[in-house]
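Good morning, and thank you for coming. Please look at the sequence and the structure on the screen while I guide you through a few of the residues.

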Amino acid sequence: MCNNGLLLIFSGPSGAGKGTVLKELLNKNHNMKLSVSATTRQPREGECHGVHYFFMTNEEFEEQIVNDKMLEYAQYCGKYYGTPSVPIMNWISDGLDVVLEIEVQGARQIKEKLPECVSVFVLPPSLEELEKRLRARNTEDEETIQKRLTIAQKEMETAKDYDYVIVNDTVAHTIEQINQIIAAEKLKVCCRESVKERML
Ligand code: 5GP
């Protein structure tokens, strides 16, 4: 694992601002890759196939599951979401850090399979702020917003199972905290072992 990159998992309720933070983080870290998930939900305005998601039919997604092509997958709001395994494994063994933005069931599956992954839960500053951000996106109808808010409350109860929890108050502060987590993880004994091996 030592010369490998980190596998960083970010979860948090829809509307916590993970997308904005991670976009900025990836712009500033050239050694980092964002996993493109597959989903059966409809593309939102401006979303492109292969960039934001691989948009699939139910049949296509289920074929990927049967052929063991997903590192993890889950159902969220009645739609499938999953992480294609191949790019992740290649990037990690090339020494790149890989970022996954996934919901809590998928995060749990990966932590079980790959306990060395680093999991971070991103909280909104408050539930009121979460609802405000979700509405400001203007991409979901009222029923979906209500569903997402209900799921958000349940998801926040799982924050304690993550390695780190951060509150996304401002993008700059959140990125600073993520960079501190990455720096600390890279100094962990298992990573320093490889340095020791090289020195001996
Ligand atoms: P959205 O529909 O807002 O793009 O995403 C809904 C939820 O699905 C978010 O919590 C997002 O993090 C999660 N999600 C996105 N991709 C994946 C994935 O590959 N696997 C899992 N388990 N969740 C995902």
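This is a predicted model: local features need pLDDT of at least 70, side-chain atom pairs count only at pLDDT 80 or more; totals for chains, interfaces and linings use all residues.

I begin with N138, which lies in the loop between α5 (127-137) and α6 (142-156). Helices here are DSSP runs of H or I with at least four residues, strands are runs of E with at least two, and both are numbered from the N terminus. Residues are numbered from 1 along each chain as its sequence is written, and side-chain values use heavy atoms, with hydrogens and water left out.

The phi angle of N138 is near 60°, a positive value in a residue other than glycine. Is N138 buried or exposed? At 69% relative accessibility, N138 counts as exposed. The cut-offs are these: buried means under 20% relative accessible area, exposed over 50%, and partly exposed in between, with a 1.4 Å probe and protein chains only.

E140 is also found in the loop between α5 and α6. With a relative accessible area of 15%, E140 is buried. Its side chain makes a polar contact of 3.4 Å with the side chain of R137, and a polar contact of 2.8 Å joins the side chains of E140 and T139. A polar contact is a pair of N or O atoms within 3.5 Å; within protein, one must be able to donate a hydrogen and the other to accept it, and residues adjacent in sequence count only if both atoms are side-chain atoms.

Let us turn to D68. This residue, D68, lies in the loop between α2 (58-66) and β5. Phi of D68 is near 60°, again a positive value in a residue other than glycine. D68 is exposed, at a relative accessible area of 63%.

Next comes the ligand. Which residues come nearest to the ligand? There are 16 residues around it, and S37, R41, Y53, Y81 and E103 come nearest; a residue counts as near if one of its heavy atoms lies within 4 Å. A polar side-chain atom of R41 lies 2.7 Å from an oxygen atom of the ligand. For E72, a polar side-chain atom lies 2.7 Å from a nitrogen atom of the ligand. In G82, a backbone N or O atom is 2.9 Å from an oxygen atom of the ligand.

I close with the cysteines. How many disulfides does the model contain? The count comes to 0 disulfides, where a disulfide is a pair of cysteine sulfur atoms within 2.5 Å. In general, a disulfide is a covalent bond between the sulfur atoms of two cysteines. C117 counts as buried, at 3% relative accessibility, whereas C48 is partly exposed, with a relative accessible area of 39%.

The C-alpha atoms of A159 and C48 are 30 Å apart, and the two residues are separated by 111 residues along the chain. A159 is buried, with a relative accessible area of 7%.
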